[in-house]
Amino acid sequence: MEAVTKLDVEAIRADFPILQRRIGDRAIAYLDSAATSQKPVQVVEAMRRFTEHSNANISRSVHTLGAEATEAYEGARARVAAFIGAPSANEVVFTKNSTESINLLAYAFQNATLDPHADPRFRLAPGDEIVVTEMEHHANLIPWQQLAQRTGATLKWIGITDHGRLDLESIPEVITERTRVVSFTHVANLLGTVNPTSQITARAREVGALVGLDASQSVPHIPVNVAELGVDFIAFTGHKMLGPTGIGVLWAKADLLDAMPPFLTGGSMIKTVTMERTTFADAPAKFEAGTPPIAESVGLAAAVDYLDKLGMENVRAHEKELAGYMLERLETVDGLAIVGPRVPIGRSATVSFTLDGVHPHDVGQVLDAEAVAVRVGHHCAKPTCDRFGVNATTRASAYVYNTHEEIDRLVEALGKVRKVFG
Amino acid sequence: MNLDELYQEVILDHYKHPRGAGLREPYEGESHQVNPTCGDEITLRVHVDGDTIGDVSYDNVGCSISKASASVMYELVNGATVDDALARLAEFTELMNSKGQAEGDEETLEDAVAFAGVSKYPMRVKCALLGWMAFKDALVRASTPGRTEA
């Protein structure tokens, strides 16, 4: 493990021009990185340079620009693979976002189920079970729920304790010999819980199920190594990790990608085509139909470079400190209740809360008037809201560029909310 | 941003003391509306008595804007003729779509003119219209016998 050093937050902030943006007469305190992160100039510059200098479509062009674009795109793939410890760049599939990555998997099961010759690992039948958790973002719930409905499989889930942790004691009952796939969130987007993975992956292995992670909220914030995690797949997205929107990643083991039928079909994903039949290219091309997000891949590679330079252990340490500070300060606000773990252990710097008697929409509006940007609503995790008996929450989330002062401003602005609605 | 413009005294008063809240019998039309972006919800019932809105009753969860708007709407449409109620609906919808350009006619819209400031905040217009949408839908259902389910 690399030695942890403190992030030079002032230097980092200088790379993010948007943090100078003023809302009214105050500089913005951006505490909404769990929704989307801001982008450093290095990312914006890399994309601009590529677009101005090397833009072309990839793969089939023999001209210089086409070759440069292909090299940039495949280079980005290799860069991302190295960042998550993937043994081969060919195990990295570029998608539009995490949602598409998970749909790609779910549709592999669905398409295989319709094809008697498909790999049996992906063929589902009534009685088979799919397992998620109660703390999923809708992106890792609805694709599986719909897959279950269409195939007759049963969707099961691991519940949440009152403290906002997974009910790990229920694992043996939830994951059974009938379980075919387990897909669970690494870091919960509403609760901020960092889930321990080993018990779930071990149980999945024991029953012969495939197992993977929605890593949308983990890859940007903590060191993630797919080999160490011992999972079969992970999904994450570029825009939450300092990169651009429009590009996401599915990493899956090579033998699984080989066995999976394609999701989207069309250009760039074929070997041969006649009017009657098509044979498909090898992964990852098989899953990248159509012109992919090329400039975005360049931006994502620059984001990965940026994070690597900071060091993911340092990023984790910085956020752990901010999480502790945020929890401690928020607990001093009258009528505020944290939804999720109340201690900064096994938790991210994403903190959801309710304010007694004030709807989150109103909280968010008053905070905006104080130039504090947070997210309000159900955060695409309605079952989590239901579990805690709340309709919506206010959520503050920190990243590499956030400071203690910004958390102070959040707390101060929550005092204003009290004044308006007191 | 001018918070006072959005959270006018009259809005906060309706929010804290909603008029006509609670679900009541009889009713001919019921509607359930949700705002999927924030999870605000309202169940609203309409009782039509001849040409008149005999009662509007509702149960809702939501932000100050959506709750106050439902309360103000109750005062405007309850006891009004169906035609007048529909005219208020059209007027209020127009005010909400005005992007801060309209002030609203206090003669007809009464307390609802306080929402003129809301129309500058596109994220909140939906909140202000939620109750009205439920009213419109419930009224349609009331005039379509046998269709009271949301």
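A:Arg316 and A:Glu313 both sit in helix α11 (residues 312-330) of chain A, three residues apart, about one turn of the helix. Helices here are DSSP runs of H or I with at least four residues, strands are runs of E with at least two, and both are numbered from the N terminus. An α-helix has 3.6 residues a turn, so residues three or four places apart point the same way. The side chains of A:Arg316 and A:Glu313 form a salt bridge, at 2.9 Å from N to O. By salt bridge I mean a side-chain nitrogen of Lys or Arg within 4 Å of a carboxyl oxygen of Asp or Glu.

Before going on, the ground rules. This is a predicted model, where local features need pLDDT of at least 70 and side-chain atom pairs count only at pLDDT 80 or more, while totals for chains, interfaces and linings use all residues. Residues are numbered from 1 along each chain as its sequence is written, chains are lettered from A and ligands numbered from 1 in the order in which they are written, and side-chain values use heavy atoms, with hydrogens and water left out.

Back to the pair. Buried means under 20% relative accessible area, exposed means over 50%, and partly exposed is in between, with a 1.4 Å probe and protein chains only.

Over all chains, the structure holds 31 salt bridges. Another of them joins A:Glu129 and A:Lys156, with the closest N and O atoms 3.3 Å apart. A:Glu129 is in strand β5 (residues 129-133) of chain A and A:Lys156 in strand β6 (residues 154-158) of chain A, so this pair ties together parts 27 residues apart in sequence. A:Glu129 is buried, at 12% relative accessible area.

In chain B, the side chains of B:Arg19 and B:Glu75 meet in a salt bridge of 3.3 Å, N to O. This pair links distant parts of the chain: B:Arg19 is in the loop between α2 and β1 of chain B, and B:Glu75 is in helix α3 (residues 64-77) of chain B, 56 residues apart. B:Arg19 is partly exposed at 23% relative accessibility, and B:Glu75 is partly exposed at 36%. There is also a network, in which salt bridges that share partners join A:Arg26, A:Glu370 and A:Lys416.

Next, the domains of chain A. The assignment gives domain 1 (9-39 + 311-421) and domain 2 (45-308); the bounds come from an automatic or database domain assignment. The centres of domain 1 and domain 2 of chain A, taken over C-alpha atoms, are separated by 28 Å. In contact are 41 residues of domain 1 of chain A and 34 residues of domain 2 of chain A, contact being heavy atoms within 4.5 Å. About 3000 Å² is buried between domain 1 and domain 2 of chain A, and carbon and sulfur atoms give 53% of that area. Which three residues supply more than any other three of the area that domain 1 of chain A buries against domain 2 of chain A? They are A:Met312, A:Arg387 and A:Tyr399, with 22%. Buried area is the accessible area (1.4 Å probe) that two parts lose on being put together, summed over both.

Between domain 1 and domain 2 of chain A the count is one salt bridge. A:Asp162 and A:Arg387 form a salt bridge, their closest N and O atoms being 2.7 Å apart.

Now the two chains. Chain A and chain B bury about 1400 Å² between them, with 53% of it on carbon and sulfur atoms. One salt bridge is found across the interface of chain A and chain B. B:Arg124 and A:Asp362 meet through their side chains in a salt bridge, at 2.9 Å from N to O.

A:Asp362 is also among the buried residues of α12(A). Helix α12 (residues 360-369) of chain A is mostly covered, with eight of its 10 residues buried. After α12(A) comes A:Ala371, whose phi is positive, near 60°.

Last, some backbone details. A:Ala283 and A:Pro284 are joined by a cis peptide bond, with omega about 5°. In chain B, the peptide bond from B:Glu25 to B:Pro26 is cis, with omega near -10°. A:Leu242 is not a glycine, yet has a positive phi of about 75°. A:Leu242 counts as buried, at 0% relative accessibility.
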